[in-house]
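Trainee: I would like to go through this model step by step. Could we look at it together?

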Amino acid sequence: MMGGTFDPIHHGHLVAASEVASVFDLDEVVFVPTGEPWQKSDRDVAEAEHRYLMTVIATAANPRFTVSRVDIDRPGPTYTIDTLRDLRAQRPDAELFFITGADAMAQILGWKDAEELWSLAHFVGVTRPGHELPVLDRSGVSLMEVPAMSISSTDCRERVRTGHPVWYLVPDGVVQYIGKYKLYNNKNNAVNNG
Ligand code: ATP
Ligand code: MG
């Protein structure tokens, strides 16, 4: 599983998921868009339904990629512990892997429920340009290098807001979705040839 705000989903997320699935021989990668992200309550986050649909569009072509609504359908802020418990309940026999980028991995180490998290899933921390992977030597956590994608949703939103292209940073269908619904203060419609 890979949790995220996915506001919007971009090729950094998709490459990380694909690479971890390949290396760990995973049957499925479940993308889980957050409900209300409590870490991001200081900024406006696009409606959950938009973030969910962009994630569906971005992952539709890959037979191993699926999208779960557990976090967006659960009222209140999203906590990863609840996500893991819900996915565990839906897949009682599965071995769960939780994929996170270097920045998120560093945060998780500080969470109060960290010990319980390790017991629910194997954590895979992946490299992300501009962020140091924390040094970790413990069972239940793997660190791995994935092809470097210097892309963030923050940068994509800023590009749309200022009229710069996001083609090739996010999947084509996501560029078009952002344009169609004029997300991210996109006054001139992001679908252009720029
Ligand atoms: P924002 O800038 O809004 O925080 P983001 O690009 O960090 O967006 P998130 O939805 O916050 O995307 O991230 C979801 C997960 O994907 C996190 O674990 C994050 O570390 C990881 N991730 C995001 N971008 C990359 C990337 N370019 N390479 C590797 N991992 C990434
Ligand atoms: Mg982030």
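Mentor: Keep in mind that this is a predicted model. We start with the surroundings of the ligand.

Trainee: How do the residues of the shell around ligand 1 divide into nonpolar, polar and charged?

Mentor: The shell around ligand 1 holds 18 residues, and the closest include Gly4, Gly12 and Gly101. The division is six nonpolar, three charged and nine polar.

Trainee: Which element gives the most to the shell around ligand 1?

Mentor: Strand 4 (97–101), helix 5 (102–108), helix 7 and helix 1 (11–23) each supply at least two residues of that shell. With three residues, the element that gives the most is helix 1.

Trainee: Where is Pro8 found, and what kind of peptide bond joins Asp7 and Pro8?

Mentor: Pro8 belongs to the loop between strand 1 (2–4) and helix 1. Omega for the bond between Asp7 and Pro8 is about 5 degrees. The bond is cis.

Trainee: Which residues of helix 8 are buried, and why do they line one face of the helix?

Mentor: In helix 8 (residues 172–180), the buried residues are Val174, Val175, Tyr177 and Ile178. Looking down the axis of helix 8, these buried residues fall within an arc of 165 degrees, so they line one face. An α-helix has 3.6 residues a turn, so residues three or four places apart point the same way. The reason asked for is the arc of 165 degrees.

Trainee: What covers the buried residues of helix 8, and which exposed residues are on the face turned away?

Mentor: The cover over the buried residues includes helix 2 (48–59) and helix 7 (153–161). On the face of helix 8 turned away from its buried side, the exposed residues are Asp172 and Lys180.

Trainee: What is phi of Lys182, and why does Lys182 count as partly exposed?

Mentor: Lys182 is in the segment after helix 8. Its phi is near 50 degrees, a positive value in a residue other than glycine. Because Lys182 has 13 C-beta neighbours inside 10 Å, it counts as partly exposed.

Trainee: Is Tyr184 buried or exposed?

Mentor: Tyr184 also lies in the segment after helix 8. Tyr184 is not a glycine, yet its phi is positive, about 60 degrees. Tyr184 has 21 C-beta neighbours inside 10 Å, so it counts as buried.

Terms used
Residues numbered from 1 in each chain as written. Chains lettered and ligands numbered in written order. Predicted model: local features only at pLDDT ≥ 70, side-chain atom pairs only at ≥ 80, totals over all residues. Buried ≥ 20, exposed ≤ 12 C-beta atoms within 10 Å, placed from the backbone. Helix = DSSP H or I, 4+ residues; strand = E, 2+ residues; numbered from the N terminus. Arc of directions from axis to C-beta. Contact = placed C-beta atoms within 7 Å. Near = placed C-beta within 6 Å. Nonpolar A, V, L, I, M, F, W, Y, C, P; charged D, E, K, R; others polar.
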